[in-house]
Amino acid sequence: MRTKSLKKNKINVITLGCSKNVYDSEVLMGQLRANGKEVEHEAPAEKEGNIIVINTCGFIDNAKAESVNMILEYADKKDRGLVDKVFVTGCLSERYRPDLEKEIPNVDQYFGTTELPQLLKALGADYKHELLGERLTTTPKNYAYLKIAEGCDRPCSFCAIPLMRGSHVSQPIEKLVKEAQGLAKNGVKELILIAQDLTYYGLDLYKKRNLAELLEALAAVEGIEWIRLHYAYPTGFPMDVLELMKREPKICNYIDIPLQHISDSILKSMRRGTTQAKTTQLLKDFRAAVPGMAIRTTLIVGYPGETQEDFEILKDFVQEMKFDRMGCFAYSHEENTHAYLLEDDVPDDVKQARANEIMELQSQISWDLNQEKVGKVFRCIIDRKEGAHFVGRTEFDSPDVDNEVLIDASKHYVKTGEFVNIKIIEATEFDLYGEPA
């Protein structure tokens, strides 16, 4: 028979998915802590606590499967009396709540992406408006994500994000500056700006694309030394951002601009609002405006109707553009998206083979670009010590997704959370090895 544990309530928050979910979990934990609750992020089993909150991802099949497996794991732990309560929030429960409630009924409650006050109430806490922008950060102390907008108004055929996150809503500049000031006071030196679409920032609030103005305001925050841009949409990109990037040293010469594909027929079916010619010109403009800028992109292969010819066009483009960083995904057929009406006609093994082929190409490009860094000195931020190495990054690298700079801890000491000039002495496809200059 199941018995309720006598231990004091302790909440363990588990985050799945992207950096936007990390941010949401941090806001939740900040609110809980302010309510006097004991809260941990992804605590190990022996310190796990008796109340579990799972912040789920519902973006593509793999992410959905991971989220469902995590829910099942904790529903089972609840059955066995190992935890008392399980709450589920985030994108998966926003998108599939009725199905989840039916299939996994012993979760205490499911919440959507906009129901933070209701989730807090279920956890015995009140939503505190005065905590605007305050969070319990889970990243190393030197960097933090800053979510500048929620939702998306783009019509991309393959994407379920508007179903889960709603329409685009920009955060006001004053609120973001206040949040950045709070983070800087806590030792954060690098802000990573995230949104479903940075390019659109400000259109709803200020009736114009206002990313450059926001960046100027954030660059004025004392203590912030790097500002990094993630997830800019290629159509309608505000070019004044590039002028600012060139003259403002705090803005990293780095941009993450997911292009998804380059074949005109696929771009049209994807409803991306651009062409191969326009995209190629945009990237050339980026590089002309900010020489040496690192461009990260994401591609999808195996989209409905993608022919071998479309794939060859994509391969040629990757070879020609020589992106500094890249991710490539096999297309996932998502219900309720526009592309779901199309036949998912590229076999899974072909999708995977194409993704592998693109990443193989990128691996060689990355190797070549990294060899050019050997012998040069870069200003690096040191994120952590791991095993025998201190692990840092250049301004051209974002945490978790890009190159790392490894420094032999048996020979050199560098302080985590600080900037250090590092000379690169060796390079592989995706890592650099260095020593203090």
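## Pocket and its lining

A pocket is here an open set of points on a 1 Å grid over the protein atoms alone, where a 1.4 Å probe fits and protein lies on both sides within 12 Å along at least five of seven lines; its lining residues have an atom within 4 Å of a point. This is a predicted model, in which local features need pLDDT of at least 70 and side-chain atom pairs count only at pLDDT 80 or more, while totals for chains, interfaces and linings use all residues. Residues are numbered from 1 along each chain as its sequence is written, and side-chain values use heavy atoms, with hydrogens and water left out.

The second largest pocket holds about 720 Å³ of space, a volume being the space filled by probe spheres set on grid points that are joined across faces, edges and corners. Its lining consists of 30 residues, and those nearest the centre are Asp24, Thr113, Leu116, Lys147 and Glu150. Helices (H or I, at least four residues) and strands (E, at least two) are DSSP runs numbered from the N terminus. H1, strand S4 (85-90), helix H4 (116-122) and strand S7 (149-150) each supply at least two residues of this lining, and H1 gives the most, with six residues.

## Annotated cysteines

An unreviewed UniProt entry lists Cys18, Cys57 and Cys91 under "binding site"; UniProt positions are given in the numbering used here, feature names are shortened, and annotations may be inferred rather than shown by experiment. Although these residues are spread over 74 residues of sequence, they cluster in space, with a largest C-alpha distance of 10.6 Å. The unreviewed entry also gives the annotation "domain: MTTase N-terminal" for residues 9-128, a span that is 46% helix and 20% strand, with its end C-alpha atoms 20 Å apart.

Cys18 lies in the loop between strand S1 (10-15) and helix H1 (19-34), and at 31% relative accessibility it counts as partly exposed, where buried means under 20% relative accessible area, exposed over 50% and partly exposed in between (1.4 Å probe, protein chains only). Cys57, in the loop between strand S3 (51-56) and helix H2 (61-79), counts as buried at 12% relative accessibility. Leaving aside residues up to four places away in sequence, the contacts of Cys57 (heavy atoms within 4.5 Å) include Leu16, Gly17, Asn21 and Cys91.

## Helix H9 and the cores

In helix H9 (residues 240-247), the buried residues include Val241, Leu242, Leu244 and Met245. Seen down the helix axis, the buried residues of H9 fall within an arc of 160 degrees, so they line one face of the helix; the arc is that of the directions from the helix axis to the C-beta atoms. The face of H9 turned away from this buried side carries the exposed residues Glu243, Lys246 and Arg247. Among the elements covering the buried residues of H9 are helix H8 (211-219) and strand S11 (251-256).

A nonpolar core is a set of buried Ala, Val, Leu, Ile, Met, Phe, Trp, Tyr and Cys residues joined through side-chain atoms within 4.5 Å. The largest such core has 58 residues, and Ile148 and Leu193 have the most contacts inside it. A second, separate core of 19 residues includes Cys380, Ile382, Phe419 and Ile424.
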